[in-house]
Amino acid sequence: MYYTALKHLHLLTVAITLGLFLLRGAWMLADSPRLGARWVRIVPHINDTVLLAAAIGMLGVGGLNPLQQPWIMAKIGGLLAYIGLGTVALKRGRTKAIRVAALIAALAVLAWIIAVAFTKQVIPGAI
Ligand code: HEM
């Protein structure tokens, strides 16, 4: 029961992180000043904290040990890569070419994390 609630919270925040990241990516591409708005710099972090908290809660409630579940380790690694690439794409990338490349890479990592989540396989589709 509790696990299901946490999973729904996790899924809700996954949808929000995806939506906000796409929105901010579009603003970066359009050189929009909206990227620097106060809420844009705060809300995604709160959402991502809830996303991770729900994930850790599921591990606790479900008695899942990440060290014994390669797909969970893959998601944690993927999340770190997504955060790093996302920062380069939206903030730190010095040229637009670098930011665009980081944006594409971040979206690819995000797609991989979601595929790993659904298949529970580090290489989704592998036998
Ligand atoms: C941006 C990062 C993440 C995304 C996009 C994401 C996405 C998802 C999705 C789409 C599901 C649903 C899978 C299904 O319905 O079968 C899911 C489930 C889950 N995720 Fe994440 N996740 C992320 C990060 C994490 C992290 C870092 C952890 C662990 C520390 C984690 C742990 C879990 C667990 C335990 C489940 C439930 C699996 C199940 O019971 O079927 N997630 N995630």
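**Exercise 1. Find the largest nonpolar core and say which elements build it.**

Step 1. The largest nonpolar core has 9 residues: Tyr82, Leu85, Ala89, Leu90, Ala102, Leu103, Ala106, Val109 and Leu110. Such a core is a set of buried Ala, Val, Leu, Ile, Met, Phe, Trp, Tyr and Cys residues joined through C-beta atoms within 7 Å. Buried means that 20 or more other C-beta atoms lie within 10 Å of a residue's own; with 12 or fewer it is exposed, in between partly exposed, and C-beta atoms are placed from the backbone.

Step 2. H3 and H4 are the elements that give two or more residues to this core. H4 gives the most, with 5 residues. Helices (H or I, at least four residues) and strands (E, at least two) are DSSP runs, numbered from the N terminus.

Step 3. Take Leu85 as an example. Neighbours within four places in sequence aside, Leu85 is in contact with Ala102, Ala105, Ala106 and Val109. Contact means C-beta atoms, placed from the backbone, within 7 Å.

**Exercise 2. Decide how far the model can be read.**

Step 1. This is a predicted model: local features need pLDDT of at least 70, side-chain atom pairs count only at pLDDT 80 or more, and totals for chains, interfaces and linings use all residues. Residues are numbered from 1 along each chain as its sequence is written.

Step 2. The chain averages a pLDDT of 96, and 100% of the residues score at least 70. pLDDT is the predictor's confidence in each residue, from 0 to 100.

Step 3. Among the elements, H2 has the lowest mean pLDDT (96) and H4 the highest (98).

**Exercise 3. Describe the overall layout of the chain.**

Step 1. Count the elements: there are 4 helices and 0 strands. From the N terminus on, they run α-α-α-α.

Step 2. Along the principal axes, the C-alpha atoms fill a box of roughly 45 × 30 × 20 Å.

Step 3. Of the 127 residues, 20% count as buried. Among contacts between residues at least 6 apart in sequence, 67% join residues at least 24 apart.

**Exercise 4. Describe the shell around the ligand.**

Step 1. Of the 21 residues around the ligand, Ala55, Met58, Lys75, Leu79 and Ala117 come nearest. A residue is near if its C-beta atom, placed from the backbone, lies within 6 Å.

Step 2. Helices H1 (2–29), H2 (38–62), H3 (70–92) and H4 (96–119) are the elements that give two or more residues to this shell.

Step 3. By class, the shell has 17 nonpolar, 2 polar and 2 charged residues. Ala, Val, Leu, Ile, Met, Phe, Trp, Tyr, Cys and Pro count as nonpolar, Asp, Glu, Lys and Arg as charged, and the others, Gly among them, as polar.

Methods
Two residues are in contact if their C-beta atoms, placed from the backbone, lie within 7 Å.
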